[in-house]
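Have the model open in your viewer as you read.

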Amino acid sequence: MKWLEMDEWIDICCWILISMVTVYLLKRTCSGIYFLEEGRLDDKVIVVTGANSGIGYETALELTRRGASVILACRDRQRGLKAESSIKKATNSSAVRFRQLDLGSFKSIRTFAKTIKLEEKNLYALINNAGVFWCDFSTTQDGFELNFGVNYLGHFLLTMLLLPLLNNCQYGGRVVTVSSIMHIFGQLDLNQLSVKKHNYNFVKAYSDSKLASVLFTKELTKRLKLPRVTTYCADPGIVSTNIGRESKLMGSYFYRVLLIPLRWLFFKSAFSGSQTVIYCVCSSSPLKYSGACFSECEHRSAWPSAVDECTSSELWRESVKLTNLSDNEMKCCN
């Protein structure tokens, strides 16, 4: 057996070191920007949908650490209570509570909104985070395709019902909707907003729902009669979460195990993905950009299709009809 010479060992060690540094720098680049501003949120009430895991959980955890009173709006009771217990333990704060919310049910959304109105006089922020992705064709309890119904329409109704509480906040209420770069692939058909099973494509369905969310944010800002309320879209980037856990591919052995190295290297963690959302809630910088999109903790221009005023206006009208909002519930907007 031939032993390596000293200079050969040095070469190997150098290549190992170079490889390690390269991987570190690549991972750090993919992790994005971190929100480092300090600032307390004491006595400020914030609702976070889908807060039992992923970006929602990390956002709720950080906002609780900053002193906010956080409401975890989650569909699954067991997971919601587990997240509540975990955040209380991590922050040593009792100012966090689970409240059940199924964004795939208009009845559940209205019940949730009624409960919050009874419990709170105002809200500082509503974070529309919950969503589905890469799922087989399915419908909500009200008959809408799942991506459209949960990612967009459910949050539309929830936002409209909670606007009065957001306007009551003396600090000014904020609506932060978690968007996605996938909205650039969206092409809304206003004659068929909720896709049917025979032409279902999970990428298109998800992209359309995220485009609708961006359009809603801009249209809401334009129509609001409430001077204290501002709205934002926050793009978290490509994040490794369990949002697609119910899909066949993302739930497969291949995705969960064999792709772990690639996911670790190129995808953000849920903590990294939460940074722009936290920025939109905590920083004063976004206030002058109400209705805008943000990514990596800074203002970004939306895709051309996301600034189409005709489409956003028509989408608004259709959404009001589909959610059966009354004139009284719409009094906050034109």
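Which residues do ring pairs link into a cluster? They are F106, F144, F148, Y152, F156, F216 and W316.

## Ground rules

This is a predicted model, where local features need pLDDT of at least 70, side-chain atom pairs count only at pLDDT 80 or more, and totals for chains, interfaces and linings use all residues. Numbering runs from 1 along each chain as its sequence is written, and side-chain values use heavy atoms, with hydrogens and water left out.

## Aromatic pairs

There are 17 aromatic pairs here. Rings of Phe, Tyr and Trp (its six-membered ring) pair if their centres lie within 6.5 Å; planes under 30 degrees apart are stacked, over 60 edge-to-face, and the rest tilted. One of the pairs is F133 with W134, edge-to-face at 5.5 Å centre to centre and 75° between the planes. F133 is buried at 19% relative accessible area, while W134 is partly exposed at 26% (buried is under 20%, exposed over 50%, partly exposed in between, using a 1.4 Å probe and protein chains only).

Y152 and F216 have ring centres 6.2 Å apart and planes at 75°, so they're edge-to-face too. Y152 sits in helix 5 (residues 146-167) and F216 in helix 6 (residues 202-223), so this pair ties together parts 64 residues apart in sequence. Helices (H or I, at least four residues) and strands (E, at least two) are DSSP runs, numbered from the N terminus.

## A lysine over two rings

K44 lies over the face of Y124, at 4.5 Å from the ring centre. The charged end of K44 also sits over the ring of Y171, 4.4 Å from its centre. To count, NZ of Lys or CZ of Arg must be within 6 Å of the ring centre and within 35 degrees of the ring normal.

## The largest nonpolar core

A nonpolar core is a set of buried Ala, Val, Leu, Ile, Met, Phe, Trp, Tyr and Cys residues joined through side-chain atoms within 4.5 Å. The largest one has 56 residues, and F112, M160, L162, L163 and W316 have the most contacts inside it. Elements giving two or more residues to this core include strand 1 (45-49), strand 2 (69-74), helix 4 (106-119) and helix 11 (309-323). Helix 5 provides the largest share, 14 residues.
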